[in-house]
Amino acid sequence: MRSEFANDLVRLVPRLRRFALGLCGNSADADDLVQAGCERALANADAFAEGSRLDSWMYRIVQNLWLDSRRRLKVRGTPVDPADAGLDDSGIGAREAEGRMLLSQVFGEMDRLPEGQRAVLTLVAVEGLSYREVAEVLDIPIGTVTSRLVRAREALSATLAPKGGRQ
């Protein structure tokens, strides 16, 4: 059973990484978050209820670790790593640079969303989970999922919309 659990966890890592990237906004912190989540899951594998959804359990672990880190950041402040600014186009051209800047801008705006909205938006938009699955993962009513998603999308749309009208 232990090796089957570990194998299932390994298969889940790419999905966990996408979720963590949506929460953290940068790959280094996302990788650290996934690693911490996997360590916690392996250390507490006996607590996993047989027949339960491993992905839901892992999303919850990763989200809780992320929330804990956010609380710590409020006390210590947010460190800025220039390497994660995403402005280097690596010589590929202006499109890639613009795409990275937009992605950085989106992550910055997502960072301003309330934690509940950010988690729902990440699970729906990045992970592709259904509203029902998100409700199960986060243990909230489906109506709450819908309202948080609408508010998150409206907030992002209002801040990321081109200034000066349509072109």
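Biologist: Is Arg 17 buried, partly exposed or exposed?
Modeller: In this predicted model, the relative accessible area of Arg 17 is 30%. Buried would require under 20% and exposed over 50%. Arg 17 is therefore classed as partly exposed.

Biologist: With which residue does Arg 17 form a salt bridge?
Modeller: The criterion is a side-chain nitrogen of Lys or Arg within 4 Å of a carboxyl oxygen of Asp or Glu. For Arg 17, the closest N and O atoms of the pair are 2.5 Å apart, and the partner is Asp 31.

Biologist: How many residues apart are Arg 18 and Glu 127, which meet in a salt bridge?
Modeller: The N to O distance between these side chains is 3.3 Å. Arg 18 belongs to helix α1, whereas Glu 127 is in the loop between α5 and α6. The pair thus links distant parts of the chain, 109 residues apart.

Biologist: Is Glu 127 buried or exposed?
Modeller: Glu 127 also forms a salt bridge with Arg 15, at 3.7 Å from N to O. Arg 15 has 27% relative accessibility and is partly exposed, and Arg 18 at 38% is partly exposed. Glu 127 has a relative accessible area of 10%, and the limit for burial is under 20%. Glu 127 is therefore buried.

Biologist: Are α6 and α7 roughly parallel or roughly perpendicular?
Modeller: The axes of α6 and α7 (residues 142-160) are 9 Å apart, at an angle of about 105°. Angles of 65 to 115 degrees fall in one class. The arrangement of α6 and α7 is therefore roughly perpendicular.

Biologist: How many nonpolar residues does the contact of α6 with α7 have?
Modeller: From α6, Tyr 131, Arg 132, Val 134 and Ala 135 take part. They meet Ile 142, Val 145, Thr 146, Leu 149 and Arg 153 of α7. By class, two residues of this contact are charged, one is polar, and the number of nonpolar residues is six.

Technical notes: Residues are numbered from 1 along each chain as its sequence is written. This is a predicted model: local features need pLDDT of at least 70, side-chain atom pairs count only at pLDDT 80 or more; totals for chains, interfaces and linings use all residues. Side-chain values use heavy atoms; hydrogens and water are left out. Buried means under 20% relative accessible area, exposed over 50%, partly exposed in between (1.4 Å probe, protein chains only). Helices (H or I, at least four residues) and strands (E, at least two) are DSSP runs, numbered from the N terminus. Axes are lines fitted to C-alpha atoms, for helices over the stretch in contact, and angles run from 0 to 180 degrees between N-to-C directions. Angles under 35 degrees count as roughly parallel, over 145 as roughly antiparallel, 65 to 115 as roughly perpendicular and the rest as oblique. Contact means heavy atoms within 4.5 Å. Ala, Val, Leu, Ile, Met, Phe, Trp, Tyr, Cys and Pro count as nonpolar, Asp, Glu, Lys and Arg as charged, and the others, Gly among them, as polar.
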